[in-house]
Amino acid sequence: MKDTPTAAALYDFFMRGLDMLLAKKWRRELWSRVEGPAVLEAGAGTGLNIPFYKPEFEVTLLDSNRSYLDLARERACANQLEVKLVIGDIQNMAFSAGSFDTAATTFLFCQLDSPVQGLQELYRVLRPGGQLLLLEHVRTSGLFGHLVAAMAHPLYRLTGSRMAREMESYVKKIGFVDLTSTAVFTNGVRIIEARK
Ligand SMILES: C[S@@+](CC[C@H](N)C(=O)[O-])C[C@H]1O[C@@H](n2cnc3c(N)ncnc32)[C@H](O)[C@@H]1O
């Protein structure tokens with residue numbers, strides 16, 4: 001994704017439309033499960049999850065694009081929330097091990113070159129027993145899975161997104177435990193929760 005104010009504004013406009021149609025209730029469900037208080041939201045984008053933060057959370061928003069975080073800052077101000085904004089790559093974060101109680105992402109992993117490395121880093125920065133929460137597209141069988149598979153190449157060319165990743169198996173492989181995976185849209189969009 002391009003790091004320009006126009007790209008960030010377009011993303012925000014498009015995503016607010018999708019939120020109104022579908023995704024708002026998925027975001028609400030994910031954030032109702034967040035325990036905190038020290039929360040990392042990685043790949044936070046323009047801050048579309050900010051309205052769902054509880055006031056007692058101390059949230060750090062990490063994103064690789066400054067222009068996206070600029071909009072997130074405005075959204076945090078509009079919601080009268082103090083947050084910490086960090087520009088960085090989830091695959092190689094500067095936070096110390098065990099810094100967070102919860103690490104959450106929404107629609108991030110389709111963007112990463114190495115989802116496994118991203119998950120390894122989330123594992124590292126969580127405290128022992130800490131909570132992982134992901135709202136992500138995953139690889140699935142069935143009609144939706146076949147549709148996504150058929151569109152995978154053009155979608156990748158258009159958006160740089162890889163929609164069908166085996167997130168649950170990566171999460172297990174890294175060593176997270178107590179994994180639950182809840183379908184929120186067909187079987188292809190899921191909330192995945194696990195513990196370090
Ligand atoms: C599809 S957007 C999702 C944004 C937000 N989570 C949401 O739900 O609207 C993906 C976000 O991940 C960010 N991103 C992509 N690669 C990243 C990386 N390696 N590390 C951190 N953020 C990244 C992009 O800049 C973008 O803001």
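Start by selecting helix 1, whose 29 residues put the end C-alpha atoms only 32 Å apart, short of the 42 Å that a straight helix would reach at 1.5 Å a residue. The expected span here is 1.5 Å times one less than the number of residues. Helices (H or I, at least four residues) and strands (E, at least two) are DSSP runs, numbered from the N terminus.

Before you go on, a word on the model: it is predicted, so local features need pLDDT of at least 70 and side-chain atom pairs count only at pLDDT 80 or more, while totals for chains, interfaces and linings use all residues. Residues are numbered from 1 along each chain as its sequence is written, and side-chain values use heavy atoms, with hydrogens and water left out.

**Stop 1: the bend in helix 1**

Where is the kink in helix 1 centred? Click on leucine 22: the kink there is about 80°, the bend being the angle between axes fitted to the seven residues ending at a residue and the seven starting there. Now colour the buried residues of this helix, among them Asp12, Met15, Asp19, Ala23, Trp26, Leu30 and Trp31. Buried means under 20% relative accessible area, exposed means over 50%, and partly exposed lies in between (1.4 Å probe, protein chains only).

**Stop 2**

Select tryptophan 26 and phenylalanine 185: with ring centres 5.7 Å apart and planes at 40°, the pair is tilted. Tryptophan 26 belongs to helix 1 (residues 5-33) and phenylalanine 185 to strand 6 (residues 177-185), so this pair ties together parts that are 159 residues apart in sequence. Tryptophan 26 is buried at 6% relative accessibility, whereas phenylalanine 185 is partly exposed at 31%.

Next, move along to tryptophan 31 and phenylalanine 57, another tilted pair, at 6.5 Å centre to centre and 45° between the planes. Phenylalanine 57 sits in the loop between strand 1 and strand 2 (58-63) and tryptophan 31 in helix 1, so the pair links parts that are 26 residues apart in sequence. Both of these residues are buried.

Phenylalanine 107 is in the loop between strand 4 and helix 3, and counts as buried at 14% relative accessibility. Check its backbone too, as phi is near 55°, a positive value in a residue other than glycine. Most residues other than glycine have a negative phi, and most peptide bonds are trans.

**Stop 3: helix 2 and its neighbours**

Helix 2 has 13 residues and reaches 19 Å from its first C-alpha to its last, close to the 18 Å expected at 1.5 Å a residue. Its buried residues include Tyr68, Leu69, Ala72 and Arg75, and they pack against helix 1, strand 2 and strand 3 (84-87). Just after this helix, look at glutamine 80, with a positive phi of about 55°. Is glutamine 80 buried or exposed? Glutamine 80 is exposed, with a relative accessible area of 76%.

Now pick threonine 46, in the loop between strand 1 and strand 2. Threonine 46 is buried, at 1% relative accessible area. Leaving aside neighbours within four places in sequence, threonine 46 is in contact (heavy atoms within 4.5 Å) with Ala8, Tyr11, Asp12, Tyr68, Leu71, Ala72 and Arg75.

**Stop 4: the cis peptide**

Zoom to glycine 36 and proline 37, joined by a cis peptide bond with omega about 0°. Proline 37 is in the loop between helix 1 and strand 1.

**Stop 5: the nonpolar cores**

Finish with the largest nonpolar core, of 25 residues, where those with the most contacts inside it are Leu40, Ile90, Phe109, Leu119, Leu122 and Leu132. Such a core is a set of buried Ala, Val, Leu, Ile, Met, Phe, Trp, Tyr and Cys residues joined through side-chain atoms within 4.5 Å. Apart from this core lies another, of 24 residues, including Leu30, Ala44, Ala76 and Ile191.

Methods:
Phe/Tyr/Trp six-rings, centres within 6.5 Å; stacked < 30°, edge-to-face > 60°.
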